[in-house]
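I opened a new page for this structure today. I wrote down each thing I looked up, in order.

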Amino acid sequence: MKTRVIRLFAILAIAASSLASCSQTTIRPRDKYPNDNNGGREPSSTVTLSKRSDWIIKYMGREDYVESDGYVSRVEKIDVLCPQADYYMIRTISPTDLKELYNNDLKEFFETEAKYLREDAQNYGEKVTDYLYYEESHSYLFDRMLMGEWKLFLIGMTEKGYITGSYTESSVTLQEETPSDDYLKWIGNWTVTGKNLDGNSVSYDLSIEKDEANITYIVNGWETGESIDKERGTVMDQEYLIAQYDYYLKNLYFRSQYLGTYTENNVNLDELFLGKVDYQGGGKDVNGIYVITDENLDLGAAILKEDGQSAEVKGCDVIVTINNKEVTLPFIMMQYFAGYMNGNNAQYSEYNLNVPTFALEMKKAPNTRTSFGRSQVERRPATRASVHHSQARVHERRNSKVAKAVKVR
C-alpha cells in the first residue's frame, strides 16, 4: 500500500459527490458494446487460434527517417504481410512478461490487448478501427524500441475489435548502444527551479541516471523536498519518471506517461504524469486551464547551455481541440496526477498544487557523480496494464497528433 496517498484519497472520498476544484471529467468505458451482435459478450471466447503460414511480421532494422522539416527521427522498420485480413493489430511483448503475466497463453494475451483497445476507443469516443491496421502488405516505422528480447505478433481483428484467431509471430533481440558523450552530459544531480501560478519560487532536487544509452533516463525527485506543502501536499518520493534523450538535438525531454495502478480503500488509482495548457491566458483555472490526458507527449524540453552545468526547460507545444477549435498551445506545467473512477466519471486529481510553471532553470550540482552504469532504482513490476501502455507505437512527428484536453473545474 502506498501510504503517502492517504491524504489525497481522503480528499477524493470527501469530494465523491461534489467534485474538488482540481477534478476533471471524461467518459467511462462501457462494459458492453450494444452495437455488436453478441450483447456485449466477446465473440472471441469460442475462437481457436490459427497460426497463418502465409502471414509475415518481420523486424527489418533501425534507420534514420528525415521529417518534412528536416528533423531526423530514429525509427524501427517492421514489415507485415497478411492476405485476407480485414483488420489487424501489431503487438510486442518480452518472453519474460508473456510467461509471468500470461503463462505463455497467447489467446489470453491477444484478448486482453483487444479489450484494452476497445476500452481506449470507447474512452476517447473514437472508432475501434482507428486503432487497427488494414494494409495487406506494408512497411511500418515504429518509434525506437528498448533493448532486449521481443516477440512480435500480427493479430487478425474484427471491425468491432475482437480477435479472429488468425495470427503470426516472430522474434528479435535488440542490443543496447554505446552511450554518446552528449547523452552522458545529462547524468548527475540537478536542482530545478521555477515559479508557481502565484509567482512563488518552487524547486526540486533531481537525480538523472542512465536507463538505456542514447534513449532514456531515470529521473528521481520531481515533486519532492521543501517545496511540498506540508499540510496539503504529497511527497512523490516513491515514484520515478522516464525521460527521453533526443539523439540529434541533444535535448532531454520530460514526457507524459502512465506510472502504474494500485488500490487504496477499495478504489483503483492510476498514477500518471501529465501536462497542462492555458487556453485563455492569465494562469488561473477559471481562465481556461486544461489537462492533456494523452501519454507519450513531450511536455518540457531541457536544453543544455554551453557550460554543460546549466539548462533551461521550456514547455513544448501540443495540438488540442478546445470548444470545437483546433489550436496549438504550449504546456505551462507538468505534474503527477491520480486518476480514478467516481461513479460513471473518470477523475484526475493533482497530488500537489504547488508546482512550477515553465520556463524552468536547471543547475548541476558541483562535482556531481556521473554514473555510467544502469540506474539501481527499484523498478515498477510489469503488469498487464503496463505492457499495454508500453506497446511499440507507429512513428509520428513529435507532438503532431491532436491530443485530448480536459477542462479543470
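**Entry 1: cysteines**

I am working with a predicted model. I began with disulfides. My search of the whole structure gave 0 of them. Is Cys 82 buried or exposed? Cys 82 has 0% relative accessibility, so I noted it as buried. Cys 316 has 12% relative accessibility. The cut-off for buried is under 20%, so Cys 316 is buried too.

**Entry 2: the sheet of four strands**

Next I traced an open sheet. It has 4 strands in the order β2-β8-β7-β5, and the pairing is mixed. Which strands stand at the edges? I found β2 (50-51) and β5 (87-93) there. Each has a single partner strand, so one side of each has no neighbour in the sheet.

I reminded myself how strands hold together. Strands of a sheet pair through backbone hydrogen bonds, and the pairing is either parallel or antiparallel. I then checked β2 against β8, which covers residues 163-174. The two run parallel, and 2 bridges join them. In this pair, Ser 50 stands opposite Ser 166 of β8.

Which helices pack on this sheet? I noted α2 and α3. Helix α2 (residues 95-102) touches β5 and β7 (148-157). The direction of α2 makes about 65° with that of β7. Helix α3 (residues 106-123) touches β5, β7 and β8. Its direction makes about 115° with that of β5.

**Entry 3: a charged residue in α2**

I stayed with helix α2 and picked out Asp 97, which lies there. Asp 97 is buried, yet it has no salt bridge. How far away is the nearest side chain of opposite charge? That side chain belongs to Arg 384, and it is 11 Å away. I also listed what Asp 97 touches, leaving out residues up to four places away in sequence. The contacts are Tyr 102, Ala 382 and Val 387.

**Entry 4: salt bridges**

How many salt bridges does the whole structure have? My search found 21. I looked at some of them in detail.

I started in helix α3. Glu 119 and Lys 115 form a salt bridge, with their closest N and O atoms 2.6 Å apart. Both residues lie in α3. They are 4 residues apart, about one turn of the helix. Lys 115 has 40% relative accessibility, so I marked it as partly exposed.

Glu 169 forms a salt bridge with Lys 151, and here the closest N and O atoms are 3.6 Å apart. Glu 169 is in strand β8 and Lys 151 is in strand β7, so this pair ties together parts that are 18 residues apart in sequence. Glu 169 is partly exposed, at 22% relative accessibility.

The next pair was Arg 232 and Asp 229. Their side chains meet in a salt bridge of 3.7 Å, N to O. Arg 232 is exposed, with a relative accessible area of 60%. Asp 229 is partly exposed, at 29%.

I also found a network. Salt bridges with shared partners join Arg 62, Arg 74, Glu 76, Arg 144 and Glu 177.

I turned to another open sheet.

How many bridges join β3 to β4? I noted 10, and β4 covers residues 72-81. Arg 62 stands opposite Glu 76 in β4.

**Entry 5: a tyrosine**

My last stop was Tyr 253, in strand β13 (residues 252-255). At 8% relative accessibility, Tyr 253 counts as buried. Where is Tyr 217 relative to Tyr 253? The two are 36 residues apart in sequence and 9.6 Å apart in space, C-alpha to C-alpha.

I then looked up the contacts of Tyr 253, setting aside neighbours within four places in sequence. Among them are Ala 243, Gln 244, Asp 298 and Arg 398. Cys 316 is another of these contacts. That is the buried cysteine from my opening entry.

Note on methods
Residues numbered from 1 in each chain as written. Predicted model: local features only at pLDDT ≥ 70, side-chain atom pairs only at ≥ 80, totals over all residues. Heavy atoms only, no water. Disulfide = S-S within 2.5 Å. Buried < 20%, exposed > 50% of the residue type's maximum accessible area, 1.4 Å probe, protein only. Pairing = 2+ DSSP bridges. Contact = heavy atoms within 4.5 Å. Axes fitted to C-alpha atoms, helices over the stretch in contact; angles between N-to-C directions. Salt bridge = Lys/Arg side-chain N within 4 Å of Asp/Glu carboxyl O. Lys, Arg positive; Asp, Glu negative; His and termini not counted.
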